Amino acid sequence: MGVTIEDVARCAGVSVSTVSRVLNRKGRISDETRARVLETAREMQHPLATEGSVGRRRTNSIGVLFNRRLRSLSADPFYGLVMVGVEECLRDEGYRIVFSTLSNREEDMGMLSELAGERRVDGLILAGCDIDIDYVNMVRSQGTPLVLVDNNLVTPKVPCAMTDNTSGAREAIEHLIGLGHRDIAFVSGPMSHSSLYERYQGFRQAMEAHRLTVRPEWVISSDDVGEFGVEGGYAAMKRLAGRSLMPSAVFAANDAMAIGVIKAAQEVGRAVPTDMSVIGFDDVEMAAHTSPPLSTVRIHKKELGYHAAKLLLELIEDDPERVPYKVVVCTELVVRGSTGPRSASPEC
């Protein structure tokens, strides 16, 4: 890797954001600081500091990269709708979108180096909670504006658009408690997924607020059953069915797992919602068409994408230090047929 803006910042004794603003001709910088940064950058032969080339050449293109390790665009339209929101925002501003998926580390790093290092795009949006931190550092080292979607990094601190996962999960559990449920299980993908962990925190907060017990054996993640998505929910419900005591309700941290829970519950003779209530999270299109239709927490996916794109445009056009660190999009409880009053059956 060549000279980065972090290298220049260290040698010039200024912040990375100051170097970025100088080289990209953005923000207010004193003449003395600007001259020092430019002299240092030229001595170190930074690509943006060659004679006559200071200031980034605009491409009017934005790169949107989606991590498909945990989600598939064909099987799960979550990020497809996020993309719609991104496109609606950027199209109005005259930007083209360069879209790709991330799946192979070596190839991904090469692509990021090309997009960021060779200035093929004016900024990047990385979508997915499990984006490799090295990808983030690669983009930042080149001074390319970057925004994360469905991911919240504190170190390094990167602007992001997030769902209010914790509040949404609390609302789901409050809904179940309002129906009389006290024995509630939590089924999820990997807890390393920041959004899923936040939903777990919301689940715990609501249970503890009502002084209800969170049973460890009723908290099942994909790490426990080796599967994610529908298969993971199915396997988790089969595990719950093998317990001596079963919950009266299950909160699944995404709709795909909730659908798997319903399928397995019906196979073991638990009618939904008569014997067991099930609620999901996301509100994908399929949720309204399951049998019974799935109660869930709706993520406003297009709004999430729109706000991510808006943040990126602000980073490109304005002083990065004036751009909000995080935009949080609220959720909405959607009640359908998979949740109902707690059964009086002693089996629950």
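This is a predicted model: local features need pLDDT of at least 70, side-chain atom pairs count only at pLDDT 80 or more; totals for chains, interfaces and linings use all residues.
**Entry 1. Overall composition**

I began with the whole protein chain. I counted twelve helices and twelve strands in its secondary structure. I then looked up burial and found that buried residues make up 55% of the 348 residues. Of the contacts with a separation of 6 or more, 71% are between residues 24 or more positions apart.

**Entry 2**

Two packed helices are described by the angle between their axes and the distance between the axes. For helix α1 (residues 5–12) and α2, I noted an angle of about 110 degrees and axes 8 Å apart. An angle from 65 to 115 degrees counts as roughly perpendicular, and α1 is therefore roughly perpendicular to α2. On the α1 side I listed Ile5, Glu6, Val8 and Ala9 in the contact, and on the α2 side Val16, Val19, Ser20 and Leu23. Sorted by class, the contact of α1 with α2 holds six nonpolar, one polar and one charged residues.

From α2, the residues Thr18, Val19, Val22 and Leu23 meet Thr33, Arg34, Val37, Leu38 and Ala41 of α3. This contact of α2 with α3 divides into six nonpolar, two polar and one charged residues. I noted that Val19 and Leu23 are listed in the contact with α1 and again in the contact with α3.

**Entry 3. The six-stranded sheet**

I traced an open sheet of six strands in the order β2-β1-β3-β4-β5-β11, and its pairing is parallel. The edge strands are β2 and β11 (326–329), each of which pairs on one side only. On average, neighbouring strands of this sheet are turned by 20 degrees against each other, direction ignored.

Helix α4 (residues 78–92) touches β1, β2, β3 and β4 (146–149), and its direction makes about 160 degrees with that of β2. Helix α5 (residues 105–117) touches β1, β2 and β3, again with about 160 degrees to the direction of β2.

**Entry 4. Strand β1 in detail**

Is strand β1 buried or exposed? I found seven of the seven residues of β1 (residues 61–67) buried, so this strand is largely enclosed by the rest of the structure. In a regular strand the side chains alternate between the two faces of the sheet. In β1, Ser61, Gly63, Leu65 and Asn67 point one way, while Ile62, Val64 and Phe66 point the other way.

I then checked the partners of β1. Seven bridges join β1 in parallel to strand β2 (residues 96–102), and five bridges join β1 in the parallel sense to strand β3 (residues 123–127). Glycine 63 has valine 98 as its bridge partner in β2 and stands opposite leucine 124 in β3. Isoleucine 62 stands opposite glycine 123 in β3.

**Entry 5. The four-stranded sheet**

I traced a further open sheet, formed by four strands in the order β7-β6-β8-β9 with parallel pairing. At its edges stand β7 (219–221) and β9 (277–279); each has a single partner strand, so one side of each is left without a neighbour in the sheet. Neighbouring strands here are turned by 15 degrees against each other on average, direction ignored.

Within this sheet, four bridges join β6 (residues 184–188) to β8 (residues 249–252), and the two run parallel. Alanine 185 has valine 250 as its bridge partner in β8. Helix α10 (residues 229–241) packs on the sheet and touches β6, β7 and β8, its direction making about 145 degrees with that of β6. Helix α11 (residues 255–267) lies across β6, β8 and β9 and runs at about 160 degrees to β9.

**Entry 6. Histidine 175**

Histidine 175 is found in helix α7 (residues 165–178). I recorded its relative accessible area as 14%; buried means under 20%, so histidine 175 is buried. Which residues does histidine 175 contact, leaving aside its neighbours within four places in sequence? I listed Ile279, Leu333, Val335 and Thr339.

Key. Residues are numbered from 1 along each chain as its sequence is written. Side-chain values use heavy atoms; hydrogens and water are left out. Buried means under 20% relative accessible area, exposed over 50%, partly exposed in between (1.4 Å probe, protein chains only). Contact means heavy atoms within 4.5 Å. Two strands pair if DSSP finds at least two bridges between them. Axes are lines fitted to C-alpha atoms, for helices over the stretch in contact, and angles run from 0 to 180 degrees between N-to-C directions. Ala, Val, Leu, Ile, Met, Phe, Trp, Tyr, Cys and Pro count as nonpolar, Asp, Glu, Lys and Arg as charged, and the others, Gly among them, as polar. Angles under 35 degrees count as roughly parallel, over 145 as roughly antiparallel, 65 to 115 as roughly perpendicular and the rest as oblique.
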